[in-house]
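Open the model in a viewer and keep the selection tool at hand. The stops below say what to select next and what is there.

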Amino acid sequence: MNGILGTAVLTGVSSLVGYFIPELSYSFACYKCRRKGYQAPLRSNIYRWNGLSLVFTTGVTGLSCFLLPFDQAIFTVLVSYIAAFGICVDRLIRIIANEMLWVILAAGLTYRIHSNGLPGLLGSAGALLLVIVVFGFTMMFTYARKGTAGVGMGDVKLAMIIAITVGFPGVFYFLTGMACVIGFYCLAGMKCGFLVRDSTFPMCGHIMAGFLIALLWPYISITIL
């Protein structure tokens with residue numbers, strides 16, 4: 001993405017948006033709880049999450065502006081906003097909201113057709129099938145071992161929509177990136193004591209990390225490596 005001024009403006013906007021995303025996420029979580037008749041989630045460590053969200057969206061924006069063409073950079077920045085929002089909501093009430101899924105699907109289809117044309121949807125169909133197979137086997141293995149699927153339907157739907165967006169070969173970057181992030185998180189969690197062998201944890205962050213890796217890695221491998 002060319003233009004120092006444009007990069008500076010977009011990075012500044014991302015810093016501002018990132019700072020307020022946890023506030024928006026909390027309001028949305030309260031809204032979902034009211035609709036279902038549940039108690040509102042606790043509002044704890046809000047300033048820490050504001051700071052983490054700001055650093056995350058600013059970092060992704062800066063990297064996208066450095067590596068990607070303009071249209072792909074804008075889409076990747078949008079994904080970083082959605083990722084921060086989804087991670088905060090998942091942390092608060094352990095759901096991946098359907099509203100977020102519809103936004104990603106609409107934006108992802110637009111991005112896919114813009115980047116690869118209508119023939120690109122054939123790659124999306126193949127990527128979708130691969131994700132269904134991978135997650136299906138994962139759920140069957142977990143159910144056989146623990147008696148539960150281990151992966152929520154919100155996680156599966158999110159992964160399916162991402163597969164449609166990234167197509168081939170992006171789906172391999174997505175699955176590999178997601179697996180690496182989950183593996184690192186589990187190893188760090190067991191090492192530091194906040195995870196045990198049968199612990200569960202919100203998956204939105206790991207899935208969205210794989211999404212961002214799929215968008216950025218081809219350009220990282222060309223530009224940096």
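Which helices are included in what covers the buried residues of helix 7? In this predicted model, the cover includes helix 2 (46-67), helix 3 (70-93), helix 4 (98-116) and helix 6 (153-192).

**Stop 1: helix 7**

Select residues 204-223, which make up helix 7. Its 20 residues reach 28 Å from the first C-alpha to the last, close to the 28 Å expected at 1.5 Å a residue. Now colour the buried positions of this helix: Cys204, His206, Ile207, Met208, Gly210, Phe211, Leu212, Ala214, Leu215, Leu216 and Ile220. Centre on Leu216, where helix 7 bends by about 45 degrees. A proline, Pro218, follows within four residues of the bend.

**Stop 2: the nonpolar cores**

Select Leu158, Phe174, Met208 and Phe211, the residues with the most contacts inside the largest nonpolar core, which has 53 residues. The elements that each give two or more residues to this core are helix 1, helix 2, helix 3, helix 4, helix 5 (120-146), helix 6 and helix 7. Helix 6 gives the most, with twelve residues.

Take Leu158 on its own and show its surroundings. Leaving aside neighbours within four places in sequence, Leu158 is in contact with Ile96, Met100, Leu101, Ile104, Cys204, Ile207 and Met208.

**Stop 3: the salt bridge**

How many salt bridges does the structure hold? There is one. Select Lys32 and Glu99 to see the pair, whose closest N and O atoms are 3.3 Å apart. Lys32 lies in helix 1 (residues 4-36) and Glu99 in helix 4, so the pair ties together parts that are 67 residues apart in sequence. Side chains of opposite charge can pair when their charged atoms come close.

**Stop 4: Thr61**

Go to Thr61, in helix 2. Thr61 is buried, and its relative accessible area is 0%. Not counting residues up to four places away in sequence, Thr61 touches Leu10, Thr11, Ser14 and Val77.

**Stop 5: backbone geometry**

Two places call for a look at the torsion angles. For reference, most residues other than glycine have a negative phi, and most peptide bonds are trans. Select Phe168 and Pro169: the peptide bond from Phe168 to Pro169 is cis, with omega near 0 degrees. Pro169 lies in helix 6. Then select Arg94, in the loop between helix 3 and helix 4. Arg94 is not a glycine, yet it has a positive phi of about 55 degrees.

**Stop 6: annotated spans**

Finally, compare the model with the record. An unreviewed UniProt entry places the feature "transmembrane region" at residues 6-28, 49-69, 75-97, 118-141, 161-188 and 200-220. Select residues 6-28: the end C-alpha atoms lie 31 Å apart, and the span is 100% helix and 0% strand. For residues 161-188, the end C-alpha atoms lie 28 Å apart, and that span is likewise 100% helix and 0% strand.

Key:
Residues numbered from 1 in each chain as written. Predicted model: local features only at pLDDT ≥ 70, side-chain atom pairs only at ≥ 80, totals over all residues. Heavy atoms only, no water. Expected span 1.5 Å × (residues − 1). Bend = angle between axes of the 7 residues up to and from the residue. Buried < 20%, exposed > 50% of the residue type's maximum accessible area, 1.4 Å probe, protein only. Contact = heavy atoms within 4.5 Å. Salt bridge = Lys/Arg side-chain N within 4 Å of Asp/Glu carboxyl O. Core = buried A, V, L, I, M, F, W, Y, C linked by side-chain atoms within 4.5 Å. UniProt positions renumbered as here; feature names shortened; annotations may be inferred.
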